[in-house]
Amino acid sequence: MKPARVAIAAIGREGRFFLQRRDPGAARFPGLWEFPGGKAEPGESAEAALRRELREELAWTPERALPLAVVEHDYGSLQVRLHVFLCEAPPLLHAPLAWGWFTAGEMARLPMPAANLRLLPLLDRAAHQP
């Protein structure tokens, strides 16, 4: 099975990253905390998918989206290829779901999809770079 291409944003501010909580009634990963983003459409680049998803989810488009990593993960019934981008946070974000700003250490204690948890060491390093 070909992995789903998913673009997500690690939106950072002062060593913390923005997460939102999935709706408890969601078909996949109900109630789990995750980075904003979503699936790329056929023929759409990962960065274009990221910008589209952030406009849809947060009514915001980042000035810059720096590629951080590509992570593949197999959930059994779903394989994903996460294209992770670092984005600098705007002064305000508006999210319709529960949301918050977390350090990598705090995120490690939250219920998150396994593929998102694999990003925590990368984000911890990114948060401590000048």
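This is a predicted model: local features need pLDDT of at least 70, side-chain atom pairs count only at pLDDT 80 or more; totals for chains, interfaces and linings use all residues.
Biologist: OK, so is Phe 18 buried or exposed?

Modeller: Phe 18 counts as buried, because its relative accessibility is 0%.

Biologist: How many aromatic pairs are there in the structure?

Modeller: There are 4 aromatic pairs, and one of them is formed by Phe 18 and Trp 101, whose ring centres lie 5.4 Å apart with the planes at 65°, so that this pair is edge-to-face. Phe 18 belongs to strand S2 (residues 16-21) and Trp 101 to strand S7 (residues 99-102), so the pair ties together parts that are 83 residues apart in sequence.

Biologist: And what about Trp 33 and Phe 102?

Modeller: Trp 33 and Phe 102 also form an edge-to-face pair, at 5.3 Å centre to centre and 70° between the planes, and they link strand S3 (residues 33-34) with strand S7 across 69 residues. Both Trp 33 and Phe 102 are buried.

Biologist: Back to Trp 101: which charged end sits over its ring?

Modeller: That is the charged end of Arg 13, 4.3 Å from the ring centre, while ring pairs also link Trp 101 with Phe 18 and Trp 99 into a cluster.

Biologist: Switching topic, which polar contact does the side chain of Gln 79 make with another side chain?

Modeller: The side chain of Gln 79 makes a polar contact with that of Asp 74 at 2.9 Å, and a polar atom of the Gln 79 side chain lies 3.1 Å from the backbone oxygen of Gly 76. Gln 79 is in strand S6 (residues 79-88) and is buried, with a relative accessible area of 15%.

How values were computed:
Residues are numbered from 1 along each chain as its sequence is written. Side-chain values use heavy atoms; hydrogens and water are left out. Rings of Phe, Tyr and Trp (its six-membered ring) pair if their centres lie within 6.5 Å; planes under 30 degrees apart count as stacked, over 60 as edge-to-face and the rest as tilted. Helices (H or I, at least four residues) and strands (E, at least two) are DSSP runs, numbered from the N terminus. Buried means under 20% relative accessible area, exposed over 50%, partly exposed in between (1.4 Å probe, protein chains only). A charge sits over a ring if NZ of Lys or CZ of Arg is within 6 Å of the ring centre and within 35 degrees of the ring normal. A polar contact is a pair of N or O atoms within 3.5 Å; within protein, one must be able to donate a hydrogen and the other to accept it, and residues adjacent in sequence count only if both atoms are side-chain atoms.
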